[in-house]
Amino acid sequence: MFRLALRQFQFDLLRSSLTMAAIAAVIAVILVLRGFETGLYEQSRAAVLDRGADLFVAQTGVTNFVAVRSSLHQLARREVEAIEGVVEAHPVTSFSVIYQNGGQKVPVYILVYDIRGGPANLLAGHMPATAREVVVDRSLAHKFDLALGDPLVISAFEFRVSGVAADSAAFFMPFVFITYDGMLDFVMKSDIAPDLSAFPLVSHLLVELEPDVKADDVAVVIESVVDNVDVYLPKQMALQDVQMGQGLFGPVMGLLVSVAYVVGLLVVGLIVYADVRGRMRMFGVLKALGFRLSHLTSSVMIQTLMYLVAAFPLGTLLGWIVATLIEFVAPLYRVPIVDADGLAQTFFAGIFFAVLGGMVPLRLIATIDPIVAFRGN
Amino acid sequence: MLRWTLKTLWLQRTGTLASAGGVAGAFLMVLLLEAVFLGESTQMVSYIEHTSPDVWVMQHGVSNMHMATSFVWDWKEDEVAKMSGVESVSSILYVNTVVRAGERDWFAYVVGLQSGDARSGPWDMAAGSPVPEPGEIVLPEMFSRAVGIQIGDTATIADTRFSVVGLSKETFSMTNSVAFVNFVDLEKVLSVGATVSYMLVDASPGEAAEALADRIETEIDKVSALTQQEFITSDFEMAMKMGVEIIFFMTIIGSMLAVVIIAFTTFVQVSRRFHELAVVKALGVQNRAIYGSVVLQSVFVTSLGYVLAISAAVGAMPLIAALVPEVIFLVSPMALARMGAIALAVSVLAALVPARLVAGVDPVSAFKA
């Protein structure tokens, strides 16, 4: 049956190519949708893990890092640094603002840092050296055509772009990194707020630990010694941000991926059905020769799986091209295609489609009269 | 040829239907994505729409509520209230942050209402009180259902605990739910004093909102004043623009998928009628007519897919809303029209491959066994 399926596969190459293209397109769509969702969560995870902390200290009750208001009391930093095993507690704070330029508006996330917590993947330029310098995510630089040295005006306050960073965005917001000096100037001299109290001076502490110190143990000590704080391991904080993202975007992405799976099922079913319809005479001949229904069904299934196996690399390549194009045109989004889980799930879903799709024409095969073998075209 | 085309489609109705189903699915993905963005964007301005003052006053340079930060000294509220043409002013504090309830975190607009200020609060209640007193919170009814909390339960913002006293309608969305707390509580959460975020200004009868907004910006230092319509448009357009790129790519991907599906179906249908086509050619029918037939088949399958997609998008909305209550879908006539135009282009593009096949049919083959 395998040989028969292989022969059929090779017999009409144009048709086989079109069939593979259709299956590959479905695989690409599913991979891109999944990649888009995965990218959203990866960005959230990276926004936490790229800050370079061994521990995150947040206000009590605050379980997230991005897009949430946390405010630590003034003594928190000193108290944390007094704990054994802590090298330094680096303050950071953040807030979202709307950036306007040339009639376009986007929300941006301003991340204020002292020494640690700045951009992790600098693509060009240098870290902010003065209060007026900022590093922007490449998606913002791309969208507004910002180059190194260009002004970045927020609330009538002019920063200068000193660097462009990659992978610094989350929840559809590109990051803008400024120093604490920059924040003080920004708040005092711009229209962003009436005074400094409008924004928390320290939203989180990024705790740097001595080597060989157990982070879990220090976290417990910090929570017991310092009032009104919660402490998280970076992985834990990242997971909580990812979970928040899943709560926000999970339902709609799940729905779209489900529709993509239904489309996949329809396409594979359609292909198998069309294939069987096109080979009615051959099936009639095989029946006349004494082949049982199970043999014919196996032949259909094998050929469908062949199409799937051949189309999968093509679909992955197509998905990768589309994803790369999306990331190039709109670098705010990350669309990782090649992850083992996603590929495996899509492949096995494809097998499921193939098996289910292969069942569609079973009735047709079962009802083929061997007499058709002796009819003309 | 029209009759022959329709007959062909009818004889292969199962394949035609399956193909149209695949096309419908591809179009449906695009329609759903756009419907999500439209639904979210519309819901995003729901609070602004329903409170409906004539003019919104905020910090200078700010022209949005979504993801924006606005702080204005509260004495400016008194200044605005004293201006001629102003009938009343109420003010709110506002922050985007995470509300935690029932062990779930939810991103929300949190609005701080002055005690007794029903004007700036929820406009439709499912249960409880619409105006929270200190220590109290009003949450969207949908949120309470999603996390399984009721009136009297507790919700927290950072380390501040609130008792749920009301459940509001039409204030829930995937990314922009609205929660209401007392002004004093939000001041504590934000660690601010003597400031407000937005002023809701009602003009005196006969006073034009545009003129009043202009006068407020001129007379009050460092504030922006936008009319109700300007403020709605500003937020709505920004929200939609955030989704434009994604919608664009999904449209391209969905359309490509539809092209491949239709090309495949038409190709199969044409190749199965190879002998018939040879006979038709031998009888003197010109290639142009046969191409027309191929395009017609393609257009028919695409149109059927398009109609199925619209029917699914519109007809299945109640089902989808029940299955995924967190997401608000809105299908606009503009989106349907755009999809129609794309469908037409798709059908013509998809006919190219089978048309090439038709061109290669040799009439002599009609006389072969």
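A residue is called buried if 20 or more other C-beta atoms lie within 10 Å of its own, exposed if 12 or fewer do, and partly exposed in between, with C-beta atoms placed from the backbone. This is a predicted model, in which local features need pLDDT of at least 70 and side-chain atom pairs count only at pLDDT 80 or more, while totals for chains, interfaces and linings use all residues. Residues are numbered from 1 along each chain as its sequence is written, and chains are lettered from A and ligands numbered from 1 in the order in which they are written.

Helices (H or I, at least four residues) and strands (E, at least two) are DSSP runs, numbered from the N terminus. For a closer look, pick B:Phe27: leaving out residues up to four places away in sequence, B:Phe27 touches B:Gly254, B:Ala258, B:Gly305, B:Tyr306, B:Ala309, B:Met339 and B:Ala343. Here, contact means that the C-beta atoms of two residues, placed from the backbone, lie within 7 Å.

Next comes the meeting of the two chains. In all, 59 residues of chain A are in contact with 61 residues of chain B. On the chain A side, the elements that give two or more residues are helix H2 (13-49), strand S2 (86-101), strand S3 (104-113), helix H7 (234-278) and helix H9 (293-329). H7(A) gives the most to this side, with 19 residues. By class, the side of chain A that touches chain B has 38 nonpolar, 16 polar and 5 charged residues. In this count, Ala, Val, Leu, Ile, Met, Phe, Trp, Tyr, Cys and Pro are nonpolar, Asp, Glu, Lys and Arg are charged, and the others, Gly among them, are polar.

Now step back to the domains, whose bounds come from an automatic or database domain assignment. Chain A is divided into domain 1 (2-43 + 249-374) and domain 2 (73-227), and 47 Å separate the centres of these two domains, taken over C-alpha atoms. Chain B is divided into domain 1 (2-44 + 240-367) and domain 2 (61-221), with C-alpha centres that lie 47 Å apart. Within chain B, 7 residues of domain 1 are in contact with 7 residues of domain 2. The domain 1 side of that contact divides into 4 nonpolar, 1 polar and 2 charged residues.

S2(A) runs antiparallel to S3(A), joined by 10 bridges, and A:Ser96 stands opposite A:Tyr109 in S3(A). The hairpin of S2(A) and S3(A) has 2 residues between the strands, and A:Gly102 takes a positive phi near 55° there. S2(A) is also joined to strand S10 (residues 204-209) of chain A by 6 bridges, again antiparallel, with A:Leu205 as the bridge partner of A:Pro91.

In chain B, have a look at strand S7 (residues 154-157). S7(B) has a covered face, B:Ala155 and B:Ile157, and an uncovered one, B:Thr154 and B:Thr156. Strand S3 (residues 86-101) of chain B is joined to S7(B) by 2 bridges in the antiparallel sense, with B:Ala101 opposite B:Ala155. S7(B) and strand S8 (residues 160-168) of chain B pair antiparallel over 4 bridges, and B:Thr154 stands opposite B:Ser163. In the hairpin of S7(B) and S8(B), B:Ala158 takes a positive phi near 55°.

Most residues other than glycine have a negative phi. A:Phe171, in the loop between strand S8 (169-170) and strand S9 (173-179) of chain A, has a positive phi near 50°. A:Phe171 is buried, with 21 other C-beta atoms within 10 Å.

Finally, turn to helix H9 (residues 274-282) of chain B, whose buried residues are B:Leu277, B:Val280 and B:Lys281. Seen down the axis of H9(B), these residues fall within an arc of 100°, so they line one face of the helix; the arc is that of the directions from the helix axis to the C-beta atoms. Their cover includes helix H10 (287-315) and helix H13 (352-359) of chain B.

Note on methods
Two strands pair if DSSP finds at least two bridges between them.
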